[in-house]
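Please consult the sequence and the model while reading.

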Amino acid sequence: MEHIENDEQFQGLRVNKGTTEQPTVNPYLDNFKKYKRKNYTASEYVEGILKGNITILGQAVTLIESSKPEHQSVAQEVIEKCLPYTGNSVRIGITGVPGAGKSTSIDAFGMHILKGNDKLAVLAIDPSSEVTKGSILGDKTRMEKLSVEKDAFIRPSPSAGSLGGVARKTRETIILCEAAGFNRIIVETVGVGQSETAVHSMVDFFLLIQLAGTGDELQGIKRGIMEMADGIVINKADGTNIEKARLAQSHFQNALHLFPLPESGWAPQVLTYSGYYEIGIDEVLKMVDDYIAFVKQNGYFDRRRNEQSRYWMYETINEKLKSNFYNNEQVQKELKACEEQVLNSRISSFAAAGKVLDMYFKQI
Ligand code: GDP
């Protein structure tokens with residue numbers, strides 16, 4: 001039909017005939033939407049995960065990350081049902097300060113790992129994401145080569161909640177990934193704050209990435225983190241930096257000698273490599289394999305995993321108690337009132353804490 005605006009009386013105005021609307025831009029989009037919209041039952045999730053369906057795996061991880069109680073209950077059921085199919089993997093934790101080369105290295109390590117017919121999941125725990133919303137480790141495109149590999153599953157850090165909560169979600173995601181057939185898991189974290197402890201408590205091997213500096217490499221590294229490391233690697237050992245990297249290597253080796261032998265019985269090694277130029281990658285991965293073989297043989301591998309299960313039981317209890325307490329409406333009211341009284345010095349911090357807790361305990 002001709003548009004009325006094209007009549008002579010409307011001078012200077014013409015409306016062109018449009019094209020008829022296509023049913024959809026992408027013929028597969030409708031199917032995809034239907035697929036996305038479906039609410040799976042826990043058993044359907046599990047079935048998809050066990051078949052290695054990445055889309056369903058991703059959706060199940062989203063459920064884990066959701067704070068909605070109805071999502072949480074399905075997620076917990078999925079986790080329980082997946083548990084019998086897990087455990088059969090090597091879990092590697094990687095930490096280092098921003099700029100140490102974690103993403104470049106994981107890209108390189110990952111591509112080498114995939115050559116051996118393994119399937120790799122890369123997860124992250126980023127304590128900064130809570131504060132900044134955007135996150136240091138959240139960007140999927142950081143691992144350019146891995147991100148297009150079908151045998152790699154890359155998932156940015158869950159962003160909501162406390163570090164404990166974020167870490168628990170990552171720990172649960174490991175379970176789903178293993179059930180989906182991923183037999184290598186890398187958990188990455190930024191070398192700041194408490195997140196290393198969380199990662200250490202969910203991996204078999206903890207790798208610390210360092211850079212060669214100006215001779216004062218050991219400064220700024222918390223002793224605790226060095227003690228946690230099963231291996232220390234100096235990245236960017238390329239070009240004019242090779243000598244400095246070797247020097248840093250001997251510094252770290254000397255420093256490690258001062259620590260007692262870890263419970264694993266394995267003396268942590270220090271290696272140099274270049275993630276960018278892919279020099280020394282095989283050696284780093286061999287170190288991890290050697291360690292795993294060593295601790296499987298002496299029984300430490302199973303002991304550490306059992307210890308971690310216990311740790312997560314208590315962590316989960318602590319976290320749930322805390323959130324139950326702080327989400328309680330009456331507690332919130334009482335806290336507000338008490339806080340004001342504390343700020344006005346009308347009541348001591350301890351008396352105020354006691355008052356709120358007493359009220360909470362009486363209620364439950
Ligand atoms: P992240 O913040 O720890 O994830 O570090 P990135 O992987 O983003 O690396 C930080 C910077 O260091 C980037 O500009 C990289 O290109 C560079 N880089 C990473 N690995 C190497 C390496 O082995 N050699 C050199 N020369 N540069 C590297």
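**Ligand surroundings**

An oxygen atom of the ligand lies 2.9 Å from a polar backbone atom of G275; a polar contact is a pair of N or O atoms within 3.5 Å, and within protein one must be able to donate a hydrogen and the other to accept it, with residues adjacent in sequence counting only if both atoms are side-chain atoms. The model is a predicted one, in which local features need pLDDT of at least 70 and side-chain atom pairs count only at pLDDT 80 or more, while totals for chains, interfaces and linings use all residues. Residues are numbered from 1 along each chain as its sequence is written, and side-chain values use heavy atoms, with hydrogens and water left out.

- For Y276, a backbone N or O atom is 2.9 Å from an oxygen atom of the ligand.
- A polar backbone atom of A100 is 3.4 Å from an oxygen atom of the ligand.
- There are 15 residues around the ligand, of which G99, K102, S103, T104 and D238 come nearest (near: a heavy atom within 4 Å).

**The loop residue K119**

- K119 belongs to the loop between α5 (102-115) and β2 (120-125); helices (H or I, at least four residues) and strands (E, at least two) are DSSP runs numbered from the N terminus.
- Although K119 and D151 are 32 residues apart in sequence, their C-alpha atoms are 5.0 Å apart.
- Beyond its neighbours within four places in sequence, K119 is in contact (heavy atoms within 4.5 Å) with L114, D151, A180, G181, F182, N183 and R184.
- A polar side-chain atom of K119 lies 3.4 Å from the backbone oxygen of A180.

**Helix packing**

- Two packed helices are described by the angle between their axes and the distance between the axes. Axes are lines fitted to C-alpha atoms, for helices over the stretch in contact, and angles run from 0 to 180 degrees between N-to-C directions.
- Helix α2 (residues 42-50) and helix α4 (residues 69-82) have axes that come within 9 Å and cross at roughly 45 degrees. α2 is therefore oblique to α4, given that angles under 35 degrees count as roughly parallel, over 145 as roughly antiparallel, 65 to 115 as roughly perpendicular and the rest as oblique.
- Their contact involves A42, S43, Y45, V46 and I49 of α2, together with V74, E77, V78, K81 and C82 of α4.
- The axes of helix α11 (residues 281-298) and α12 come within 5 Å and cross at roughly 85 degrees, which makes α11 roughly perpendicular to α12.
- α11 contributes Y291, I292, V295, K296 and N298 to this contact, and α12 contributes Y300, F301, R303 and R304.
- Helix α12 (residues 300-327) also packs with helix α14 (residues 349-363), at an angle of about 100 degrees and with axes 11 Å apart. These two helices, α12 and α14, are therefore roughly perpendicular to each other.
- L321, N324 and F325 of α12 meet V356, L357 and Y360 of α14 in the contact.
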